Amino acid sequence: MRINLLGAPVDALDLEAAVERVAAFVTAAGPPRQVITLNPEILFRARQEPALLTLINSADLVTADGVGIVWAARMAGTPVPERVTGIDLMLRLMPLAAREGWRVFLLGAAPGVAAEAARRLQAQHPGLVIAGTHHGYFQPGASSPGAAAEPGQLTEDEVAALVRRARPHLLFAGLGAPKQERFIARHKEAMGVPVSMGVGGSFDVLAG
Ligand code: UDP
């Protein structure tokens with residue numbers, strides 16, 4: 001069931017059900033799907049930014065990321081079972097990805113962090129296929145030849161193309177919210193990834 005909280009949708013699912021929903025998106029081979037773990041900060045911000053609220057409403061799965069959201073849902077008389085965070089959902093999907101051969105792309109954090117997080121995940125989940133990793137510092141917008149702010153820094157479009165070429169089934173974007181949600185919404189069709197979701201600072205946590 002999908003509830004409405006201050007104009008934003010929230011799917012009333014526990015972690016297991018959210019994992020099942022993502023798995024169904026991956027196996028259905030439908031259009032690219034966006035998963036948002038909605039925290040109170042983003043919901044508050046969306047109240048002032050109609051475009052962000054529209055983006056949240058266009059997501060295919062929205063989980064309650066934070067006790068504040070769970071509490072507000074209960075107060076509104078439309079309770080959700082539990083808090084489902086980005087890192088919990090990502091970690092719970094890893095054994096499934098390893099088993100099913102789903103290719104995983106980690107995008108975000110400082111240079112080297114996503115690659116280290118990937119190494120640790122592969123050590124924990126033998127067989128896990130990392131389709132690619134890239135740090136989260138790139139130029140916004142389209143490519144313009146010779147316009148790189150820093151040598152070697154890719155444009156947003158180039159990063160999206162990099163993800164597309166890697167052909168992942170799952171894209172985890174750790175760019176901070178709502179930057180990661182905007183990146184996914186802007187590029188999901190071009191990237192063609194079955195499921196993309198934002199995971200905030202999770203790669204920093206995983207890389208220790
Ligand atoms: N980050 C990034 N690109 C940016 C800005 C931030 O990759 O342009 C990364 C940053 O290095 C960190 C994460 O995004 O790994 C943000 O973590 P934070 O915990 O602040 O995000 P939240 O969980 O609050 O969304």
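Student: Which residues have the most contacts inside the largest nonpolar core?
Tutor: Leu38, Ile56, Leu106 and Leu171, in a core of 57 residues. Such a core is a set of buried Ala, Val, Leu, Ile, Met, Phe, Trp, Tyr and Cys residues joined through C-beta atoms within 7 Å. Buried means 20 or more other C-beta atoms within 10 Å of a residue's own, with C-beta atoms placed from the backbone. Helix H6 (residues 113-124) gives the largest share, five residues. Helices are DSSP runs of H or I, at least four residues, numbered from the N terminus.

Student: Is this predicted or experimental, and how's it numbered?
Tutor: This is a predicted model: local features need pLDDT of at least 70, side-chain atom pairs count only at pLDDT 80 or more, and totals for chains, interfaces and linings use all residues. Residues are numbered from 1 along each chain as its sequence is written.

Student: Back to Leu171. What does Leu171 touch?
Tutor: Phe105, Leu107, Val163, Met191, Val193 and Ser196, leaving out residues up to four places away in sequence. Touching means C-beta atoms, placed from the backbone, within 7 Å.

Student: Now H5. Where does H5 bend?
Tutor: At Met94, by about 30°. That is the angle between axes fitted to the seven residues ending there and the seven starting there. Pro95 follows within four residues.

Student: Which H5 residues are buried?
Tutor: Gly86, Leu89, Met90, Leu93 and Ala97.

Student: And what comes just after H5?
Tutor: Gly101, with a positive phi of about 75°.

Conventions. A residue is buried if 20 or more other C-beta atoms lie within 10 Å of its own, exposed if 12 or fewer, and partly exposed in between; C-beta atoms are placed from the backbone. Helices (H or I, at least four residues) and strands (E, at least two) are DSSP runs, numbered from the N terminus. Two residues are in contact if their C-beta atoms, placed from the backbone, lie within 7 Å.
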